[in-house]
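Dear colleague,

Please find below the structure that I am handing over to you. My notes on what was found in it follow directly after.

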Amino acid sequence: MTLQEKLLETIQYIHEQGVKEVEFGLILGSGLGELAEEIEDKVVIPYANIPHFPVSTVVGHAGQLVYGTLAGKKVLAMQGRFHYYEGHNMQVVTYPVRVMAGLKAHSLVVTNACGGVNEGFTPGDLMLITDHINFMGANPLIGKNEDEMGPRFPDMSKAYDESYRNVAKEVAASKGLHLKEGVYMGFSGPTYETPAEVRFARIAGADAVGMSTVPEVIVAVHSGLRVLGISCITNLAAGMQANLNHEEVVETTERVKVAFKSLVKETLAKL
């Protein structure tokens, strides 16, 4: 089956579950999925039921689509994403973004939990993504280009929408929230970065490192979606603190989730 044929089947199934107009796609990262609980008039669709959808295997990821109204906007939220390190190829990792574009969403809000590389960051900070570095060793657009989905050579110079970022900054300022900004560097994982890799990332201009987001944003840009990216700095990267573990990631997102949820909701309301 071609990608187009798969998408048609997936979209038809999602429509049949009661999903209609979609304005914003939401991808909720580790520990951040709780925002989907605040969606009103919701339709919940487990990934396992959706044709051609993979299943999320990561702790802290619920593995379902949630559709409804959030902050007055029609949203389709992913509670749990797919990662390259789970063994999926890049086309599978980014398939949900294709689906969101096929459902006529105009924008994507992407979130993640990541490690802070910038020495001015502390665990619990929220960072607006201004740009990214793809260091994953792969690109979801490799292979035949489907011209009806997007251009062969997409321009990534303004991947993260500046006007959306400005709205998020205004919201943060109005709440007294010190929102950081920076460059996200995507590694393949699943190992955390070594101290040497973290020093390299800092020299390369990264403020945070993680194992997601980059492929999804590439496909979003290819599909013509506007993107807002927000990272939760859950820990300081290797060499900057004693050790690293996934429990700390979930624990830190738990601590900042109230600020995170209100930032996303109030920003959505103004977009």
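What does the accessible surface of the protein chain come to, and what percentage of it belongs to carbon and sulfur atoms? The surface comes to about 11,400 Å², and 53% of it belongs to carbon and sulfur atoms. Accessible areas come from the Shrake-Rupley method with a 1.4 Å probe, and for residues only the protein chains shown count as cover.

Please note that this is a predicted model, in which local features need pLDDT of at least 70 and side-chain atom pairs count only at pLDDT 80 or more, while totals for chains, interfaces and linings use all residues. Residues are numbered from 1 along each chain as its sequence is written, and side-chain values use heavy atoms, with hydrogens and water left out.

Overall form

The protein chain holds seven helices and nine strands; these are DSSP runs, numbered from the N terminus, with helices being H or I of at least four residues and strands being E of at least two. For 271 residues, a compact globule would have a radius of gyration near 18 Å, and the 17 Å of the protein chain agrees with this. That radius is taken over C-alpha atoms, and the globule rule is 2.2 Å times the number of residues to the power 0.38. Along the principal axes, the C-alpha atoms fill a box of roughly 50 × 40 × 35 Å.

Of the 271 residues, 55% count as buried. Buried means under 20% relative accessible area, exposed means over 50%, and partly exposed lies in between (1.4 Å probe, protein chains only). Where contacts join residues at least 6 apart in sequence, 82% of them join residues at least 24 apart; contact here means heavy atoms within 4.5 Å.

Helix α3 (residues 95–102) is mostly covered, with six of its eight residues buried. These are Y95, P96, V97, R98, V99 and M100. They pack against several elements, including α1 (3–16), β1 (24–28), β4 (73–79) and β5 (107–116). Just after α3, K104 takes a positive phi of about 75°.

T94 is found in the loop between α2 and α3. T94 is buried, at a relative accessible area of 2%. Not counting residues up to four places away in sequence, T94 touches P140, P215, E216 and V219.

Charges and salt bridges

The protein chain carries 23 positive and 31 negative charges, whose mean positions are 3 Å apart. Lys and Arg count as positive and Asp and Glu as negative, while His and the chain ends are not counted. The place of a charge is taken as NZ of Lys, CZ of Arg, CG of Asp or CD of Glu.

A salt bridge is a side-chain nitrogen of Lys or Arg within 4 Å of a carboxyl oxygen of Asp or Glu. By this rule the count comes to ten.

R81 and E216 meet in a salt bridge at 2.9 Å, N to O. This pair links distant parts of the chain, with R81 in the loop between β4 and α2 and E216 in helix α6, 135 residues apart. R81 counts as buried at 1% relative accessibility, and E216 counts as buried at 2%.

E34 forms a salt bridge with K261, and their closest N and O atoms are 3.1 Å apart. E34 lies in the loop between β1 and β2 (40–46) and K261 in helix α7 (residues 246–270), so the pair ties together parts that are 227 residues apart in sequence. E34 is partly exposed at 31% relative accessible area, whereas K261 counts as buried at 11%.

E119 and R202 meet in a salt bridge at 4.0 Å, N to O. E119 lies in the loop between β5 and β6 and R202 in helix α5 (residues 195–204), so the pair ties together parts that are 83 residues apart in sequence. Salt bridges that share partners also join E34, E38, K257, K261 and K265 into one network.

E146, a buried charge

E146 sits in the loop between β6 (126–134) and α4 (162–174). E146 is buried yet has no salt bridge, and the nearest side chain of opposite charge, K144, is 4.7 Å away. Leaving aside neighbours within four places in sequence, E146 is in contact with L3 and Q4.

With kind regards
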